[in-house]
Amino acid sequence: MVGIDIGSKSIKIVELVGSVGKFQLKSSGAVGYTGLSPDKMTEEKDFVALSLILKKIIKQIGITSKEVNIALPEPLVFTRVIKFPLLSDEEVNSAIKWEAEQYIPIPINEAIIQYSILSKNETTASTSVLLVAAPKVVVEKYVKIVRLAGLTPVSAETELTALARSISPEKGVSLLLDLGASSVDMAITRDSKVIFTRSIPVAGETFTRAVSQSLGINMQQAEEYKKTYGLSGTQLEGKVKIALEPIFKMVTDEIKKAIHFFQSEEKEEAPTTIIISGGSSLTPELVSYLTEVLGLETVSGNPFNKVAVDPETSKSLAPYISIYGTAVGLAMLEG
Ligand SMILES: Nc1ncnc2c1ncn2[C@@H]1O[C@H](COP(=O)(O)OP(=O)(O)OP(=O)(O)O)[C@@H](O)[C@H]1O
Ligand SMILES: [Mg+2]
């Protein structure tokens, strides 16, 4: 299958062959773009321009399948776990149909709704259902770009759902962080299933802007400084770290609040590990920074963990694997 993750700054594509347990990487590639992200587009020429970029990379990396799975931008999608009494699958289906409206912030006829049954508990006589609702207009925009590129979208899911498939540990409660260009998206997973999400509208672009303003350098230079020095306290006298820290603190404060909310409202266990992903997860010293500030063991996720990759490709991909988490998860979804 092919997974296409159109982020706000770059497109990531992964094609896998095989099936669960025997996935093999066929091709992968990423390309940055400037201009509006699909969700903000209204004009035909913008859709066409991005579809041409997509078309070009597809050809370049030799993607053969026309059928693709796409990701929906986490900040625009609503995800929530709802508890029902102990119900049969059919009863859950009708309960969602009749009651979804009261749980989601978008009018039901303007939303695309998906759900999955997380668990049924005989002792508490309850059924947990994960409800996902995406505005139709948003989904249509992503579908449009993919179609204009000559591809057929066969399924769409949220970035974090896909990411959980590629990087979440099989067992236990974990915190996944996708640190991108415009948002940090967090998911709490239990036994690799998403049970809680939150989007924080601050990420790579804000980090670069902070470095640019604090050090009085242009955005391009600031981007380089951020990537080279990151949160290192020693390099460049820690100047970049000093610029970045207030923004990272905003992010970690939100994460702490979200974990607290998750534990107290949902009466759930706290996550025991953090797995980071996304371009901004490559920030130097971020792993040790998060470990210290959040007090949880933090590791960089490897989305190719469950995928066979030939040694040469593996070597050339190594510095960039972090950006492919969502695309790999999408490609693992069988059509
Ligand atoms: N080595 C690095 N150190 C720090 N930041 C980095 C590094 N490499 C890339 N980035 C940052 O990662 C961001 C891009 O990440 P990514 O490709 O995950 O974003 P995106 O998916 O397009 O965005 P979003 O998911 O927020 O819409 C940019 O802001 C870039 O500055
Ligand atoms: Mg992204």
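Author: Two strands count as paired if DSSP finds at least two bridges between them. This is a predicted model, and in it five bridges join strand E9 (residues 173–179) to strand E12 (residues 273–277).

Reader: What makes E9 and E12 a pair, and how do they run?

Author: Pairing requires at least two bridges; E9 and E12 have five, and they run parallel. Leu175 stands opposite Ile274 in E12.

Reader: Why are E11 and E13 said to stand at the edges of the sheet?

Author: The open sheet has the order E11-E10-E9-E12-E13, with mixed pairing. Strand E11 (193–200) and strand E13 (297–300) each have a single partner strand, so one side of each lacks a neighbour in the sheet.

Reader: Which helices pack on this sheet?

Author: Helix H4 (residues 159–167) touches E9, strand E10 (184–190), E11 and E12. H7 touches E10 and E11, and its direction makes about 140° with that of E11.

Reader: Why are H7 and H8 called oblique to each other?

Author: The axes of helix H7 (residues 239–266) and helix H8 (residues 286–294) cross at roughly 50° and come within 11 Å. Angles under 35 degrees count as roughly parallel and those from 65 to 115 as roughly perpendicular; H7 and H8 are therefore oblique. Their contact is made by Phe248, Thr252, Ile255 and Lys256 of H7 with Tyr289, Val293 and Leu294 of H8. These residues divide into five nonpolar, one polar and one charged.

Key. Residues numbered from 1 in each chain as written. Chains lettered and ligands numbered in written order. Predicted model: local features only at pLDDT ≥ 70, side-chain atom pairs only at ≥ 80, totals over all residues. Axes fitted to C-alpha atoms, helices over the stretch in contact; angles between N-to-C directions. Helix = DSSP H or I, 4+ residues; strand = E, 2+ residues; numbered from the N terminus. Parallel < 35°, antiparallel > 145°, perpendicular 65-115°, else oblique. Contact = placed C-beta atoms within 7 Å. Nonpolar A, V, L, I, M, F, W, Y, C, P; charged D, E, K, R; others polar.
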